[in-house]
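Me: I would like to understand how the words used to describe a protein model are tied to values. Could you take me through some of them?

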Amino acid sequence: MKLCDLKNGEEAKILKIGNVGELKKRLVDMGVTTGGIIKLERVAPLGDPQEYILKSTGIAIRKEDASNIEVEKI
């Protein structure tokens, strides 16, 4: 499943970040790494971006970018 498919409050383990060049580098710089646990905290009023909690830090990721991250719900 993709990260953008999570519902509010759901947690998932990051399995793979798609090979999207600069996007992958930016996500890794923000702490989005394989094996990490990420939780969907809230969604913006128009649905984009979405706020995730990763290592007790909130990060905003656009749906388009979240669709490149493969996760497994836990």
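Reply: What follows sets a few descriptions of this structure against their definitions.

This is a predicted model, in which local features need pLDDT of at least 70 and side-chain atom pairs count only at pLDDT 80 or more, while totals for chains, interfaces and linings use all residues. Residues are numbered from 1 along each chain as its sequence is written, and side-chain values use heavy atoms, with hydrogens and water left out.

Me: Why is Asp65 called buried?

Reply: Buried means under 20% relative accessible area, whereas exposed means over 50% and partly exposed lies in between, with a 1.4 Å probe and protein chains only. Asp65 has a relative accessible area of 5%, so Asp65 is buried.

Me: What joins the side chains of Asp65 and Arg26?

Reply: A polar contact of 3.2 Å joins them. The term stands for a pair of N or O atoms within 3.5 Å; within protein, one must be able to donate a hydrogen and the other to accept it, and residues adjacent in sequence count only if both atoms are side-chain atoms. The value of 3.2 Å falls within 3.5 Å, and therefore meets the distance cut-off.

Me: What makes a set of residues a nonpolar core, and which residues have the most contacts inside the largest one here?

Reply: A nonpolar core is a set of buried Ala, Val, Leu, Ile, Met, Phe, Trp, Tyr and Cys residues joined through side-chain atoms within 4.5 Å. The largest one has 18 residues, and those with the most contacts inside it are Leu3, Ile14, Leu27, Val32, Tyr52, Ile61 and Ile69. The largest share of this core, three residues, comes from β1.

Me: Why are β1 and β5 said to pair?

Reply: Two strands pair if DSSP finds at least two bridges between them. Five bridges join β1 to β5, so these strands pair, and they run antiparallel. Ile17 has Ile69 in β5 as its bridge partner.

How values were computed
Helix = DSSP H or I, 4+ residues; strand = E, 2+ residues; numbered from the N terminus.
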